[in-house]
Amino acid sequence: KGRGEIMVNVIMIRNTYGGVEYLRNGCFYVTNHDRAIAPGGFGVNYTDAVACYNNMLAVKQFYRKTSDNPLLHIVVSYNEKVKDIITATCLSNKIAGFFNGYQYVYCTHEKDRECSWFHMHLVINSVSYLNGNLISSWVGYMQQFCAHVSAITGQRTWLSIKTKTNDFDD
């Protein structure tokens with residue numbers, strides 16, 4: 001990162017911990033009414049964690065891909081230019097649209113640890129509802145996603161990849 005340069009941080013979290021239980025936990029985390037602000041999604045009931053999980057699980061079962069990596073978890077931390085929940089919510093909705101062909105659920109949280117007042121959690125079903133293909137977590141694909149985020153926010157992005165061995169957390 002350039003010194004003092006304001007960027008949007010994109011964090012892809014790789015975690016195969018717990019199989020479909022991790023998917024369940026992801027749906028519950030993102031739809032948690034105590035923390036989630038303005039949840040949204042596509043192809044799922046994003047206001048009900050159980051229904052959201054069942055929606056995603058049904059696609060996995062249809063394509064017989066319940067043992068694969070259950071989800072892709074991305075956090076987008078907006079820079080300090082995003083000062084209100086309406087702007088953050090609009091950005092989150094546009095950013096999530098990159099994952100056409102996949103079910104997803106997202107929410108906005110307040111107070112990022114590093115750079116702003118808002119960040120987005122995005123949980124994407126790893127199995128496409130269109131054809132059963134698995135989503136890519138390849139760095140090149142994530143760079144395409146970062147270009148999408150940059151185009152929407154008008155800011156440069158910084159991609160980091162975290163591998164976790166524990167359950168869902170912030």
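Author: Start with arginine 64, which counts as exposed at 75% relative accessibility. This is a predicted model. Arginine 64 sits in the loop between H2 and strand E3 (71-77). Its phi is positive, about 55 degrees, although arginine 64 is not a glycine. Most residues other than glycine have a negative phi.

H2 covers residues 49-62, 14 residues in total. From first C-alpha to last, H2 reaches 20 Å, close to the 20 Å expected at 1.5 Å a residue.

Now the start of the helix. Aspartate 48 caps the N-terminal end of H2. One of its side-chain oxygens lies 3.0 Å from the backbone nitrogen of valine 50.

Next, the buried residues. In H2 these are Ala49, Cys52, Tyr53, Met56, Leu57, Val59 and Lys60. They cover an arc of only 155 degrees around the axis, so they lie on the same side of H2. What covers them includes helix H1 (20-30). Strands E4 (104-110) and E5 (118-125) are also part of that cover.

Alanine 38 lies in strand E2 (residues 37-42). Its relative accessible area is 30%, so alanine 38 is partly exposed. Arginine 64, by contrast, is exposed and lies in a loop.

Terms used:
Residues numbered from 1 in each chain as written. Predicted model: local features only at pLDDT ≥ 70, side-chain atom pairs only at ≥ 80, totals over all residues. Heavy atoms only, no water. Helix = DSSP H or I, 4+ residues; strand = E, 2+ residues; numbered from the N terminus. Expected span 1.5 Å × (residues − 1). Buried < 20%, exposed > 50% of the residue type's maximum accessible area, 1.4 Å probe, protein only. Arc of directions from axis to C-beta. Contact = heavy atoms within 4.5 Å. Polar contact = N/O pair within 3.5 Å; in protein donor to acceptor, adjacent residues only side chain to side chain.
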